Amino acid sequence: VQLQASGGGLVQPGGSLRLSCVASANAVSINAIEWYQQAPGKQRELVATITSGGNTQYADSVKGRFTVSRDNSVNTVYLQMNNLGPDDAAVYYCAADWVNYKDWAAGRAWGRGTQVTVSS
């Protein structure tokens, strides 16, 4: 599984950004894709999850502001982030939980992060 995250940048407080995570998988199935944020000096934290069935979950800190969605036609998961504040500034990573139903191997793949900076 290979993941490519993009869409980060500089945004003013109250602004919006949309992150994209393009996933490519060979001979395995992706069960869920998650978005994580990691601020300087802090642990990586789960922000949002979307399953292969389209179910979504969010961290309390982003509920009502962030929306995770997917477009299967282009193998892409999006994270729409609205009303951004200083606490949202971080490197954002996407991760995929995958499984090979032939041999039941499973794992998690990570993409490179994309930087989100919130500043006036």
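Mentor: A salt bridge here is a side-chain nitrogen of Lys or Arg within 4 Å of a carboxyl oxygen of Asp or Glu. This is a predicted model, in which local features need pLDDT of at least 70 and side-chain atom pairs count only at pLDDT 80 or more, while totals for chains, interfaces and linings use all residues. Residues are numbered from 1 along each chain as its sequence is written, and side-chain values use heavy atoms, with hydrogens and water left out.

Trainee: In which strand is confidence lowest?

Mentor: pLDDT is the predictor's confidence in each residue, from 0 to 100, and the protein chain has a mean of 95, with 100% of its residues at 70 or more. Strands are DSSP runs (E, at least two residues), numbered from the N terminus. The highest confidence is in strand S6 (residues 56–58), at 98. The lowest, at a mean of 93, is in strand S10.

Trainee: Which residue meets Asp-88 in a salt bridge?

Mentor: Asp-88 sits in the loop between S8 and strand S9 (90–99), and its partner is 23 residues away, in the loop between S6 and S7. The N to O distance is 2.8 Å. The side chain that Asp-88 meets is that of Arg-65.

Trainee: Why does Asp-88 count as buried?

Mentor: Buried means under 20% relative accessible area, exposed over 50%, and partly exposed in between (1.4 Å probe, protein chains only). Arg-65 is also buried, at 17%. Asp-88 falls under the cut-off because its relative accessible area is 5%.

Trainee: How far apart are the closest N and O atoms of Lys-63 and Asp-60?

Mentor: Both Lys-63 and Asp-60 are exposed. They form a salt bridge, with the closest N and O atoms separated by 3.2 Å.

Trainee: Which residues are linked with Arg-108 in a network of salt bridges?

Mentor: Arg-108 bridges to Asp-97, with the closest N and O atoms 2.7 Å apart. Arg-108 is in strand S10 and Asp-97 in strand S9, so the pair ties together parts 11 residues apart in sequence. Arg-108 is partly exposed, at 39% relative accessible area. The network joins Arg-108 with Asp-97 and Glu-34.

Trainee: With which residues is Gly-111 in contact, leaving aside its neighbours within four places in sequence?

Mentor: Gly-111 is in the loop between S10 and strand S11 (114–118), and is buried, at 8% relative accessible area. Its C-alpha atom is 19 Å from that of Asn-100, which is 11 residues away along the chain. Contact means heavy atoms within 4.5 Å. On that basis Gly-111 touches Leu-3, Tyr-93 and Cys-94.

Trainee: Which residues lie nearest the centre of the largest pocket?

Mentor: The lining of this pocket consists of 14 residues. Those nearest the centre are Gln-37, Lys-42, Glu-45, Asp-87 and Asp-88.

How values were computed: Helix = DSSP H or I, 4+ residues; strand = E, 2+ residues; numbered from the N terminus. 1 Å grid on protein atoms, 1.4 Å probe; cavity = no way out; pocket = protein on both sides within 12 Å on 5 of 7 lines; lining within 4 Å.
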